[in-house]
Each structure stands twice: as C-alpha cells, then as structure tokens.
Amino acid sequence: MLFEVWAPGAADVEVRVDGRAHDMQRDPGRDGWWVAEAPAAEGSRYAFVLDGSDRPLPDPRSRRQPDGPDGASAVVDHDAFAWSGPWPGRPLPGAVLYELHVGTFTVEGTFDAAVERLPYLAGLGITHIELMPLCPFPGTHGWGYEGVSLWAVHEPYGGPEGLKRFVDAAHALGLGVVLDVVHNHLGPSGNYLPAFGPYFTDRHHTPWGDAVNLDAPGSDEVRAYLIGSALAWLRDYRLDGLRLDAVHALVDTRALHFLEELSTEVDALSAALGRPLFLIAESDLNDPRSTAPREAGGLGLHAQWNDDFHHALHATVTGESHGYYEDFARAGTGGLAKVLREVFFHNGTYSGFRHRVHGRPVDRTGTPAHRFLAYTQTHDQIGNRATGDRLAATAAPGLLAAAAALVLTSPYTPMLFMGEEWGALTPWQFFTDHADPELAAAITRGRRREFAAHGWAAEDIPDPQDPATRRRSCLDWSEPDTHAHAALLDWYRRLIALRHAEPDLTDPDLEAVRVIPGEGTLCVGRGRLRVAVNFSAEDAEVDLGLPGPAEFVAAWTPCEPPDAYGMLQLPGHSAAVLRLG
C-alpha cells in the first residue's frame, strides 16, 4: 500500500505500520511530499515519524482515528462498504433541513442509535438532516467544533462505518444528509498539523489564534488539503452537501478566493457523480456575493444561513433587546417584514451592535430565495445562551406556533433544530470532554467569565466539563407523546406537508412576496396563500391585503373567517394559513 504525507520542512520521514518502520522517500514530482510502499490492510495502524522524533504522529489525512486524535491512524477501505443501492441525490430547492447533533439526539449518542429515529424524521416531512461536525475531538462528548483530523469520523459516534450506515439508512428513507465542516480553525488538543507544515499563518489572526493558511507561502497545499477533505466527505460517504462554518473567518487575500475554488471543485464532482451537491455557508457578512454565481463575480456557494431572519423573529417572539437584538427589537414586526422581503435586515444600514454600516442589498430580481436559510433556533442561538435554554422554555406554545408558521411558509429554505418541532424543554448547553486538566479548567473559567460580564453568577453557568451538562442536553423522547407537546408537533407536520404540497410556498421569486406588518401582527402573501400571525396576547385584526372569500388551510386556534374586506380577527398568540378564493 502507498503511504504519503506532505512534510516540506522535514529532512527525514518514516512511516510505522503495525509496529514496523519503513523509510519514506521524497516524491520527485511533488515538492514537500514523502512516499513509501508498505504492507497494510483494512484497520492497519500507522503513524509518521518526523526527523527521528520519539513521538509518532497521526496522518493529517487520516480516514480513521480509532484511539482518538492523539492515537495512531488506521487504514480505511471505502470501497469495502456495501451500500444498499444507488442514490440519485436530493437537491436544495424545496428542502426542509433538520440540524442534528449525534451526541445528544439520543442518550446513547451514536449513529446507530440515531438510525432508529430516522423513520420519525421521514414522517415529520423533513428532506435533509444537517449533522453537526463529526471530525475527531478530545474525549467522548462535545459540540464537534474543536475537531481535528479533518478527513476522519469521531470514533465514539461509530467511526467511518457508523456514518456510512447512518447515511445509507437515511437515503433508504429518501432523506438527504448534510455535514457541518469546520475549515476556519482546529481544536486546541490533538492538532498536529503545524508539525508537518505551514497549515497556519501569523499573517492573519482569528478568534482562535493564527489563521488557517490560505494565502501565505505553502498555502497551495493547505487549500488542497481542505478541498480534498470536503470532496472526500461528499464522495466517500455519499453526503449531499456541506455546511461551512463561519466562512467570514477564512482570511484569503488571493485573487481566486478559497471558497470560489471550493465551489468550483464541488460542482465538478457533482457533474462527475451525476447527483446534486451543494454548499451552505455560515457568514455574518450579509454579503449576497457569497451565493452569487461565479460567472457573476460571486463565490458560487449554493446557500447561506441568514441570522438576520432569526434575530428579527427571536426579538419579536421574546421581546429581548440586548446585544445584537437591539436593532431588531426596535424595528418590531417591521423588521420581520423587511427580512421576509429583502433577506437581510442590515443590507447597507447602520448596525447599533457593530457601531457601523453593515451588509449589502440582495438583488431580489435575480436571486432565488432558496439560497437563504430561515430558522427560529440553531445550535448557536441556543447553546451560546448562558444556560442553553430553548425558545420553548419561556415562549407560549402559540408563539412557537406563530414562529414556525413564518419559517415553514417563508420564501427561504427552512431549517429546524432537533426537538424544536415538539417544543423540547431539554436545554442544549455547551459541553466539552477534555482530559487535560489545565485546558478543562481554562474552558470552565472562560465560559463563566464570559457571562459574568452580563451579570450571571458563576454558579448559574453550567460547567462544560461536567458530564451532567451533556446529559441535560440530550433530547427526551418521551416528550413528543405527551399532550403538552403533541399539538405543536402536529402543527409542524401540517405546515411541512403544506410546504411540500403548495407550489406557492416554494416559489423562489422574492419580488412576489407580499408582507403587511401590524402592531404585533403580520400577514405574508405567498401567491394565493396568506399567512397571518398574531404575536400579541390579545385578539387582533390582521389585514390579508385582498378582499373576498378565503378558506382556512391550517389554524393554530379556531377562528371566524375573514370579513368581506379581507380583515381577519385572529386570537392572541396564534397563526393561520388561508387560501384566497
């Protein structure tokens, strides 16, 4: 078997395979690369030794880390897995995504345990599961954003075979699978890339330290490393798309931006495989060029999260006005109306939180709405709260129903966070599992210091290292069967079914969206459908924007039909979907 590694600064490299050392030779055709042939088979353990060091290092392109980030790598034969059958793929337009964390979706926290719940997700009506990061990280439990070994799968979840079983089972039910990947940093523990080459650069700095090297000397190989990892997930695991974490932290001054290069390669792989593949960016830049086609000067990514939609909706539902919610709370339902029509709230407007102008307008005439994701909750927006409290912890069921109605009938691609569909009351808190006592203590102190600045007492902030913090964050699968949660779950199912059945709800034309904001109310026009919501506690009159008869398609609370002038008396904390005659 051929072993190869990029180590441009090394004078001597050997690979140790199943305990035997093999000298490596420079590859004359590739600068900085070392190669060696050695006997190996599926599961063989191997590691690299640089310049006679007494510390064997895992392969930067390791496909498996059976003993965790610090252990030896293992050979994986991707062709050996017996897939159930061909998969034609499932495109992003018309999708309903479901963000899922493998470690807390079930108490067991494994791929195989999650597979048992896939029929439930298919019955809910979602089309794609968006898995949070799966690369190996220290310990057993964590969010996944401190991962290393960007080509491997976290072993406690089930490793490469477990992920393939999960994807195969999801595809058998018609569900696509998307993976959240992190290219902007690696975790603080188990990251051996700097020993091999200039994977990071001090030319730029990020919240995590030196930036990933995308434009300094040696960056050609670093870019190839990241792009190769992305393509491997899509190809070897039959994934349907990738979510790219915090792309605004990818600092790249080269003429060809890394993200444009990545999108080009993914589109080429899609053509070669004959199935749709897509990239979804997380970006706080509010820059439509992220998803604009490359031929139009954009980066060619296929979609991006839209936190402005979340912020406008969250501020309206909760009344919160601190931090970045300030501008949205001040705008009220007018802010919601703006994000429903124009995508971004800050699209060249002043941001009080940033103390500067922020964002850029979206071309509503030529940009399909499905390129933007809408949501009421995400792992970030829950887990980065002091106690990880979900919306259901404080908002009335009718407000949850109103928020769901706006997300699932919006012009954008809807995304749910696991458990929100039944109003899960389990928190989703920040948790880690570091063995290094100094690092563990620093994380706990840092978390408590962060929220102390906002008035929280240290004892009220969950300890990320306490195993109970992770256990509290696991979904309680007895909740959906209880009366208190069943009504909301049924509401979600009805709205998702309606989205799949009504072409007006997946119309990508942003200019066709009509919104009428009121005092605590909102009406959204999607073709012949009208979505009316009342965020206030009292009955309110909602203007449907068009006189004439209308029939209820779905209603959270029974109410009388609208009058001849198109005015609907909607109960407090409620929502309804109507079809105009």
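This is a predicted model: local features need pLDDT of at least 70, side-chain atom pairs count only at pLDDT 80 or more; totals for chains, interfaces and linings use all residues.
**Notebook: strand β22 and a few other spots**

I started in β26, where Val 577 turns up as the bridge partner of Val 531. I number residues from 1 along each chain as its sequence is written, and side-chain values use heavy atoms, with hydrogens and water left out.

My labels come from DSSP runs numbered from the N terminus: helices are H or I with at least four residues, strands are E with at least two. I call two strands paired if DSSP finds at least two bridges between them.

**Around β22**

Strand β26 (residues 574–580) runs antiparallel to β22, and six bridges join them. I then checked β21 (residues 521–526), which is also antiparallel to β22 and joined to it by six bridges. Here I found Gly 525 partnered with Arg 530 of β22. The two strands β21 and β22 make a hairpin with two residues between them, and Gly 527 in the turn has a positive phi of about 65 degrees.

Is β22 enclosed or open? I count six of its six residues (529–534) as buried, so the strand is largely enclosed by the rest of the structure. For burial I use relative accessible area with a 1.4 Å probe on protein chains only: under 20% is buried, over 50% exposed, in between partly exposed. Both faces are covered, with Leu 529, Val 531 and Val 533 buried on one side and Arg 530, Ala 532 and Asn 534 buried on the other.

**Cysteines**

I looked for disulfides (a pair of cysteine sulfur atoms within 2.5 Å) and got zero. Cys 523 is in none, and its nearest cysteine sulfur, on Cys 559, sits 12 Å away. Cys 523 is buried at 1% relative accessible area. I have Cys 474 down as buried too, at 6%.

**The four-stranded sheet**

Next I traced an open sheet in the order β3-β2-β6-β7, paired antiparallel. Its edge strands, β3 (20–23) and β7 (73–74), each pair on one side only. Between β2 (residues 13–17) and β6 (residues 45–50) I get five bridges, antiparallel. Arg 16 has Ala 47 of β6 as its bridge partner.

**Gly 323**

Where does Gly 323 sit? I find Gly 323 in the loop between α8 (307–318) and α9 (326–331). Gly 323 is partly exposed, at 39% relative accessible area. Its C-alpha is 6.2 Å from that of Phe 353, 30 residues apart along the chain.
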